[in-house]
Amino acid sequence: MEASRQVVVVKLTRGHADSQRSVKLATRTSQDDDRRREDSFKHQNDWSCLSHPGRKVAIEVTTGREDHPVNDVQTCQLNRMPIIVGGFLTALAFTITGALPALASNGVTQNITAGVLSGSVGDLALSDVIYSNSAQTTTGSLLVSADDSTGAALGWHVTLQASSFVYSGIHVGTAFPAASLAITGVSAPILVSGQAVNATAATGPEVPPTSPVGTLDSARSVISATAGYGTGSYTEALAVALTIPAGSKIGTYAGTITTTISIGA
Amino acid sequence: MPAALAAPDPTRLGISAIGQASPTFDLSMAPGESRVLGVDLVNAGPENVPALTYAGDVYTLVNGGMGVALRGGVATGTTAWLDYATEVIELKPLMPVRRDFTVSVPPGAPAGDYITSLVVENQVPLQGSGRLVLNQVVRHALAVMISVPGTRFPALHASSASHSVVGGRSVISIAVENPGNSNLKPVADARVFDGARRQVSHSTVTMGSFYALTSTQLELHLENLLKPGRYTAVIILDDTATGLSVISSPLPFVVTGAPPAPALVMGPIAAGTFGDGFSYWVLGLAMAVAILAGGIAVLVIQRLWRRRPRWRRAAR
């Protein structure tokens, strides 16, 4: 498995206006060479390898003209900075094709390996409450984020589960049970980047057919994508409610929400 | 102060199978067979993360799907077939760490579909803030599916029903069980009848994976709130892949009178108490009002005294 964020900038300067150009980009997974961590930079002129710990980067530049040997290429740099893989491919192709209008025939091979699948929640807005002798409910919202950068498009689903809310304070308070926190509504997923959401065909990231509405003492699937879809980054807003038992002591209540993402819808 | 979660996109930890056709493990193993496998653990975030990795039991989520036991759970069933070590690893950005483990199918394991999982998550929960604090654990679970060859006996059973209210609507929960030895994906056709045997609800629920030898809840979310009374639910469970079709017996449940709805509140939390249920700021406000009222009363009396009739002054 390989991380999704990397950048490789290739600068090739000076060339020949009458040269033939070509760019070849290829991808393969780390399983091809899964134990090889060393950087690899292969070139006819034995350019030095640059340090890329944890990834294998191979770039081959060859000339297609006998009268313009490869050492006409003067500069080649590789720097790491965060961009998404798709953007990287585009940037690389653009750089090579755009910045080297005069270079001789260039074959560039870039190995890109799989990124990770990640899901999390954020932007919780839940109001504080005033002491009451009656049970009360505070409402708010939660934003779920899901990102599939594996490139495998096997589908995925994200679940949420809450723990009980443990009391801390100067009074003898008791915890709220995990079932106090509930999902009361869900909005359609929104595309941040990547593969489009196709709600009509129910093939992209979607609110699962089995409603996620309910208490979070048990895990609930809140967003999922079927195989072949969901390669991208998405958000989904949830309406949540926290029921506070009557007579809950004044103080702080802390719970933990566990977000799990796994392959397969 | 309102509750707040840690910044979004906090951790990006991943776990993937090594040497498999897909990023998960989908194995066919005979009883008594052992196999050494490996996973890569990776941190795709920008900073080092202490990551907890462990093997977790898999169960069936409400309405189906893969649920994974939380950290600290005791490994049971298929999870006990793995010798995957629970440990905390400092994962550096973009530096995968490999962990090998062995899957050993017990010699007497009956034929069937089995599943367990491997998990990687942030060891230290991301800290929220406010009076209602919500910390966060972000994890990635990897399924380890093991098929032990042999005859499959698909089966489903619905045993009981109950009623609850979520978001002002009725939710009917039906306890269902997969006592067979194969994973299923049933579709439930559910009907609810009132005490006069009139149908009050009809819905279809397409369940996610319902794992062999597990039980879960089938939840029916009604459009409205049922009136108090006695009801029955009847469900038909169909699994296309196996051809299994099961109809439940009438499952009775009672809708009790709705308790008073909790008040919806928004506002600052009290800073302290004066006995149970009495806040300092309430006491302070009362005192301020009393002092103000007293001052106004003094002013009014003074004015009245000055404006008293002349004949009263003369009488003095």
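This section describes the confidence of chain A and the fold of chain B in a predicted model.

The mean pLDDT of chain A is 64. A score of at least 70 is reached by 53% of its residues. The highest mean in chain A, 93, belongs to strand β3 (residues 156-162) of chain A. The lowest, a mean of 40, belongs to helix α1 (residues 85-99) of chain A. Across residues 1-106 of chain A, pLDDT stays under 50.

Chain B contains 18 strands and 2 helices. Of its 316 residues, 37% are buried. Contacts in chain B with a separation of 6 or more were examined by sequence distance. Residues 24 or more positions apart supply 71% of these contacts.

One sheet of chain B was followed strand by strand. It is an open sheet of 3 strands, in the order β10-β11-β14 (chain B), and its pairing is antiparallel. The edges are formed by β10 (157-166) and β14 of chain B. Each of these edge strands has a single partner strand, so one side of each lacks a neighbour in the sheet. On average, neighbouring strands of this sheet are turned by 25 degrees against each other, direction ignored. In general, strands of a sheet pair through backbone hydrogen bonds, in either a parallel or an antiparallel sense. Here, strand β11 (residues 169-178) of chain B runs antiparallel to β14(B), and the two are joined over 8 bridges. Val176(B) has Thr216(B) of β14(B) as its bridge partner.

Two loop residues of chain B stand out by their backbone angles. Most residues other than glycine have a negative phi. Asn63(B), which is not a glycine, has a positive phi near 65 degrees. Asn63(B) sits in the loop between β4 (49-60) and β5 (66-68) of chain B. Asn63(B) counts as buried because it has 26 C-beta neighbours inside 10 Å.

Leu213(B) is the other case. Its phi is positive, at about 60 degrees, although Leu213(B) is not a glycine. Leu213(B) is placed in the loop between β13 (199-206) and β14 (214-221) of chain B.

Definitions and conventions. Residues numbered from 1 in each chain as written. Chains lettered and ligands numbered in written order. Predicted model: local features only at pLDDT ≥ 70, side-chain atom pairs only at ≥ 80, totals over all residues. Helix = DSSP H or I, 4+ residues; strand = E, 2+ residues; numbered from the N terminus. Buried ≥ 20, exposed ≤ 12 C-beta atoms within 10 Å, placed from the backbone. Contact = placed C-beta atoms within 7 Å. Pairing = 2+ DSSP bridges. Axes fitted to C-alpha atoms, helices over the stretch in contact; angles between N-to-C directions. pLDDT = per-residue confidence, 0-100.
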